[in-house]
Amino acid sequence: MKDKINHQSHVDRFLGFQELYDANRPAAPKRVTELLALYRGKEPELVVDVGCGTGLSTFIWSGIAQRIIGVEPNPDMRMKAEAKLQAAGTGAISFRPGYSNDLGLADGEADIITCSQSFHWMEPVSTLQEFGRVLADGGVFGAYDCDWPPCIGWEAEQAYNKLIAKAAEILTRLVPSEEAVKQLDKSEHLARMKKSGVFRFVKEIVFHNEELCDANRILGLAMSQGGVQSVIKLGAAAELRDELGQFQALTETAFNGESRMVLLGYRLRLGVK
């Protein structure tokens, strides 16, 4: 049954651009570890990072939790995470294939489960039931996402939005509806958590983080978006030429050849079992 509700198209969407993704996506903020540990009420023994991608949201727990497991069904993303782990040489972290609704862990084994920019790709009912099974009493689930695009100036941000909208429009034309990805509305994450009956307490926390960026980094971030990459894989990149060119030009103007700290807004939805 679980195999039928785990969409392979959601996994395949992120094939083949793990290097671009890892080089340009923001690393998970330290604030996440502080907040989730606060609501757990103690230092976590086991943290499970589900939909961990290349490990950008996994390695932040090093030195905080005794064990950290990154779960990722996409082989390319997981391969990159494992290569980074080998270079880091830490024994506390491990990566494994798997789905959010079938973690292969014991009942009550985890102190904290996280989904960094990934919960919207998961079947929510079976996923939250599985998280409830694996979390210890008083354990915490945190789903957190950053707002796209980063704060770089209204003209460049508007051009970013047009690029993403154009990619979505192209995919609507080229991909049959039964094969299209079906991501959840992130604004409804908290309601889904409440409805699940798994958590005694739920809350949304809004905060921000800053990262050093230049125009190339911001352009790479846009290129790492799944919709843009899907258009490229379908051989329709030429249809994005105008929107991409405008976004690049406005971003280069915004940064004027310099690097600067860029603000990213975050939304953390957490639940305490």
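Asp-49 lies in strand 1 (residues 46-50); strands are DSSP runs of E with at least two residues, numbered from the N terminus. The model is predicted, with local features needing pLDDT of at least 70 and side-chain atom pairs pLDDT 80 or more, while totals for chains, interfaces and linings use all residues. Residues are numbered from 1 along each chain as its sequence is written, and side-chain values use heavy atoms, without hydrogens and water.

Asp-49 is buried and forms no salt bridge. Buried means under 20% relative accessible area, exposed over 50% (1.4 Å probe, protein chains only). A salt bridge places a side-chain nitrogen of Lys or Arg within 4 Å of a carboxyl oxygen of Asp or Glu. The nearest side chain of opposite charge, Lys-84, is 9.6 Å away. Polar contacts (N or O atoms within 3.5 Å, one able to donate a hydrogen and the other to accept it) join the Asp-49 side chain to those of Thr-58, at 2.7 Å, and Thr-114, at 2.8 Å. Beyond four places in sequence, Asp-49 also touches residues including Ile-69, Gly-70 and Val-71 (heavy atoms within 4.5 Å).

Helix 11 comprises 15 residues (241-255); helices are DSSP runs of H or I with at least four residues. Phe-247, Thr-251 and Phe-255 are its buried residues. Asn-256 follows helix 11, with a positive phi near 50°.

Note on methods
The expected span of a helix is 1.5 Å times one less than its number of residues. Lys and Arg count as positive and Asp and Glu as negative; His and the chain ends are not counted.
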